[in-house]
Amino acid sequence: MNTLWSWIVAPLAYGFMQRGMLAAVLVGILCAIVGCYVVLRSMAFLGDALAHAVLPGVAIAYLMGANLLMGALVAAVVVALLISLFSRKGTIKEDTAIGIVFAAALALGVALISSVRTYAVDLTHIMFGNVLGVSPTDLWLIAGIGAAVLLTILAFYRQFLVIAFDPVLAATQRLPVERLRILLLLLIALTIVVSLQTVGVGLVAAMLVTPGTTAYLLTRRLPTMMMVAALIGAVASISGLYLSYYVNIASGAAVVLVATALFTIVFLFAPERGVVWRRE
Amino acid sequence: MNTLHIEQEPAHLEIERLTVAYGRRRVLDDISFRVEYGERVVLVGPNGAGKSTLFKALVGLVKPQSGTIRIHGLPPGAHTDCVAYVPQREDVDWRFPVTVADVVMMGRFGRLGWLRRPTRTDHAAVERGMELMGVAHLAHRPIGELSGGQQQRVFLARALAQEPHILLLDEPFTGVDAATQEATLSVLDTLSDQKVTIILSTHDLSLAAVRFERVLLINRRLIGDGSPAQVLSRGLLTEAFGGQVLTLPDGSVLVDQCACHQSEPESIAVK
């Protein structure tokens, strides 16, 4: 009993661990909820692309000595708008537009970062996150942006539901489909930005997609899907961090691996929809 | 002494010289007709005749190249709730996590606007729509688990929950069981009694002849407009369907659509 308690509490003795844990849980929940739309609208590629595309923003902020999160934020918004601009009116398909913008932004980011001396270390942090480096300011930014994103999703729940499920109905009800699509893109971009510190550019797509897909297999309505996804995101974040502390592996990778393990279990054993049950 | 009733009169529809093009290809060419309120019209024509496009133009999903559409004397888009449109079933993601009741409630969203929550009136309309279409017992089932016929009923229930003045149904009987077809037709009878204007497209010419008083025959252009006896004649059918029309020795006409629909040939006797 005592040993288990100390096992749980020991890592939290450090302030940076406390902040890291809090940040990881917030990000886990936020990614999972926003990720439900990413899953349902098949935008996994977009999520990954947006994540990589924030690199130049981070690099420029770094070179200017500005806040890295703010740099990423500006870049994400610019890229999200560029993608919707290129794919608008169907001149270019959206995934083609994403491919072009994302590769270009990534190239620009690498070019900028490679001009800095400590290139390797910083790039690793950006690519795979550094949850133990979360400052109090970062934590406030994560909480503030996260709350804003969740409130927006709550406020426009009905509209997002209709444009995701039945775009034709959305159009006949005169919803501004294009603007809502851009808004959703911006929400995803913001989510990615606040996730950079915990899981990094390379792994954020997994945090968007894996908890949502797992919850999809377990639930039948969007609100419950979002709640279950949030729970999975939080559990994966907490256990991932403990795993990272005791086994001494990279924290972002640990969180994603736990989420993937949960997905695999559900994929195999989910009631009715799991592989095992469908075998008969 | 006098109570003032401000009621919108039931909707009528005017289409004048409507032309719709995708790129340089004209899908609808110079179509004009008028539908009085409470009228029930069936739209027939070969595949690719522009039936779906006509519906999409009526709800404002495609922009006409020229010509005008007036509903209540106003352009489409001026009304968000008085026109209900049931598109062909392929347009929806059936694996989406929503229940039957969720889908039917979407029919009320146009009235609710951006932030108002559904009231008792809205829930009652949803309930009524589901009852009428016989899907109330499925209310809490995910739509992905339903059969094709049940899914079609759910979408009709949604259109009914919207309480429209004009109901547009695009091929509601394609891939649907006989019971659903009958249930749909009897609901349409009820709606006609309530002076709801109905336009329905189908490739089932015999159904069009038997269950509707007015037939619009189109193939890009408007080829015939009138009673089934007037429109479903050998001459007009040949004009619309071309090589798919076969005249039998006894003088009846057979329209073969089986290449496009993988169903039985639709036949109709015309003396």
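Visitor: What order do the strands take in the open sheet of three strands in chain B?
Guide: The order is E2-E1-E4 with antiparallel pairing, where strands are DSSP runs of E of at least two residues, numbered from the N terminus, and two strands pair if DSSP finds at least two bridges between them. This is a predicted model, in which local features need pLDDT of at least 70, side-chain atom pairs count only at pLDDT 80 or more, and totals for chains, interfaces and linings use all residues. Residues are numbered from 1 along each chain as its sequence is written, while chains are lettered from A and ligands numbered from 1 in the order in which they are written.

Visitor: And which strands stand at the edges?
Guide: Strand E2 (25-35) and strand E4 (66-71) of chain B do, each with a single partner strand, so one side of each is left without a neighbour in the sheet.

Visitor: How many bridges join E1 to E4 in chain B?
Guide: Five bridges join strand E1 (residues 13-22) of chain B to E4(B), and among the residues involved, Leu13(B) has Ile71(B) as its bridge partner.

Visitor: Switching to E6(B), which residues are buried on its two faces?
Guide: Ile166(B), Leu168(B) and Asp170(B) are buried on one side, and Leu167(B) and Leu169(B) on the other, buried meaning that 20 or more other C-beta atoms, placed from the backbone, lie within 10 Å of the residue's own.

Visitor: Which way does E6(B) run relative to strand E5 of chain B?
Guide: E5 (residues 83-86) and E6(B) run parallel, joined by four bridges, and Val86(B) stands opposite Leu169(B). Five bridges also join E6(B) to strand E7 (residues 197-201) of chain B, again in parallel.

How values were computed. Buried ≥ 20, exposed ≤ 12 C-beta atoms within 10 Å, placed from the backbone.
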